Number of protein chains: 2
Amino acid sequence: MSAELYLNDFRPGQEFLSPTHTLSLEEAVSFAKQYDPQYYHIDVEAAKKGPYGRLIASGWQTAAITMKLKAATELANVAGGLLGLGLESVKWPRPVYPGDTLRVVLTVLDVRRSNSKPTHGVVKYSMDTYNQHDEKVMEAVTAVWVPC
Amino acid sequence: MSAELYLNDFRPGQEFLSPTHTLSLEEAVSFAKQYDPQYYHIDVEAAKKGPYGRLIASGWQTAAITMKLKAATELANVAGGLLGLGLESVKWPRPVYPGDTLRVVLTVLDVRRSNSKPTHGVVKYSMDTYNQHDEKVMEAVTAVWVPC
């Protein structure tokens, strides 16, 4: 277990790397049946005639996996827990296919003390998810509330 | 099954309402164990000492449920399928607790023909998720690609 992180442990440009997660077909179909039941997420045969020519994972599953991988980075040691403050933007520039191996790179963009609550601050960071070909499959900008 | 929707079926201000989904404790804990394993998402007892005083659902599960409810609105009848174009912003103004009943309201913000591909257009809309007390638990702005 690493030491807890406080606001002065963060600097713009700092990176946090995650372990990887390989998405199985079963996992993709099971998630999509529960949450995103479109034919190109749940039916291998029908997906061949769909927008990507094969089955792709739900973008929300990519987001959930990204969350999971983020929680396995050093950033998760922020004191008090990883309390998110919403997302400024989320894009899925490429689809994720079953069998893909995903990893996440967090990069600190901005660190500032809160005006309203000076015992805390906000660390803004980008959260980029890559596949095994180092192609970006999701990008987001978010922030976390950090004690000083 | 309703008729397929094309670009000229959309107008700013138009609303699409979803059915509801009640989140069980089992569902909340199971999702969080897989994707967002923080103590206040997976451990009822420990969560009592956490930031919300009780167990709350992962914001990503709220997002996934929102996706599922969206797919059950009339908007899902868009011709060619509900191809998302990313999200401009996502916020979780209040936590979701096990037992909460969620519903989604989609409101069309903007409808425009694509310049680069004039056979299609983009419908931008807000996606707001409410609990059983009509409190907003998630808000997002997104867009969908729609054939003319």
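How many residues does the contact take from chain A and from chain B? The contact takes 24 residues from chain A and 24 residues from chain B, two residues being in contact if their C-beta atoms, placed from the backbone, lie within 7 Å.

**Before selecting anything**

This is a predicted model, in which local features need pLDDT of at least 70 and side-chain atom pairs count only at pLDDT 80 or more, while totals for chains, interfaces and linings use all residues. Residues are numbered from 1 along each chain as its sequence is written, and chains are lettered from A and ligands numbered from 1 in the order in which they are written. The model scores ipTM 0.74 and pTM 0.85.

**Select chain A**

Chain A holds 4 helices and 5 strands; helices (H or I, at least four residues) and strands (E, at least two) are DSSP runs, numbered from the N terminus. Followed along the sequence, the pattern of chain A reads β-α-α-α-α-β-β-β-β. Its C-alpha atoms fill a box of roughly 55 × 30 × 25 Å, taken along the principal axes. Of the contacts in chain A between residues at least 6 apart in sequence, 70% join residues at least 24 apart.

Of the 148 residues of chain A, 35% count as buried. A residue is buried if 20 or more other C-beta atoms lie within 10 Å of its own, exposed if 12 or fewer, and partly exposed in between, with C-beta atoms placed from the backbone.

**Select the side of chain A that touches chain B**

On this side, the elements of chain A that give two or more residues are α4 (59–70) and β2 (84–91). The residues of this side divide into 14 nonpolar, 6 polar and 4 charged. Here Ala, Val, Leu, Ile, Met, Phe, Trp, Tyr, Cys and Pro count as nonpolar, Asp, Glu, Lys and Arg as charged, and the others, Gly among them, as polar.

**Select α4 of chain A**

α4(A) is mostly covered, with 12 of its 12 residues buried; among them are W60(A), I65(A) and K68(A). At 1.5 Å a residue, its 12 residues should span 16 Å, and this agrees with its end C-alpha atoms, which are 16 Å apart. The expected span is 1.5 Å times one less than the number of residues of the helix.

**Select α4 of chain B**

Because 12 of the 12 residues of α4(B) are buried, this helix is largely enclosed by the rest of the structure. Its buried residues include G59(B), M67(B) and K70(B).
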